[in-house]
Amino acid sequence: MLAFRHSLKLSRHNTLCTRLNSTLVIAEHNEEQLAAVTRNAITAATKLGGDVSVLVAGSKADKVAAEVSKIANVKRVLLAKDAKLGGQLPERLTPVVLASHKQFKFSNIVAGASSFGKGLIPRVA
């Protein structure tokens, strides 16, 4: 019986891995530097399997986007620049995240476990 459970677990895992094929990580930053929690979220996203994309949104987020592009396992960096996105308010970022998801059809959307992520992810869901 134990061997059967083990094979069932592996089968379910393989099915999940093929279904979950892309992840969007929402970057938390201060317009100058990427928050460490975002690097943790990128690492977690790579464990889900598939491509990892990172959304960098802000009023002047070019420097942060360049930093993100150098991180291993990041396939795509999406940059949303607008003065209204400064301060990374969840109310302003939610439409940007949803538009990104609509365009690229991500299987997963991830943010760091901080007040930023905890304020944004429920709105996106």
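I began with a definition: a nonpolar core is a set of buried Ala, Val, Leu, Ile, Met, Phe, Trp, Tyr and Cys residues joined through side-chain atoms within 4.5 Å. Buried means under 20% relative accessible area, exposed over 50% and partly exposed in between, with a 1.4 Å probe and protein chains only.

My ground rules: this is a predicted model, where local features need pLDDT of at least 70 and side-chain atom pairs count only at pLDDT 80 or more, while totals for chains, interfaces and linings use all residues. Residues are numbered from 1 along each chain as its sequence is written, and side-chain values use heavy atoms, leaving out hydrogens and water.

**Cores.** I looked up the largest nonpolar core and found 16 residues, of which Val25, Leu34, Ile42, Val54, Val56, Val68 and Val74 touch the most other members. Two or more residues come from each of α2 (36-48), β2 (51-58) and α3 (62-69); these are DSSP runs numbered from the N terminus, helices being H or I of at least four residues and strands E of at least two. Another core lies apart from it, with 15 residues, including Leu55 and Ala80.

**Rings.** I found one aromatic pair. The ring centres of Phe104 and Phe106 are 5.8 Å apart and the planes are at 40 degrees, so I noted the pair as tilted (centres within 6.5 Å make a pair of Phe, Tyr or Trp rings, Trp by its six-membered ring; planes under 30 degrees are stacked, over 60 edge-to-face, the rest tilted). Phe106 is buried at 5%, whereas Phe104 is partly exposed at 28%.

**Confidence.** I noted an average pLDDT (the predictor's confidence in each residue, from 0 to 100) of 87 for the chain.
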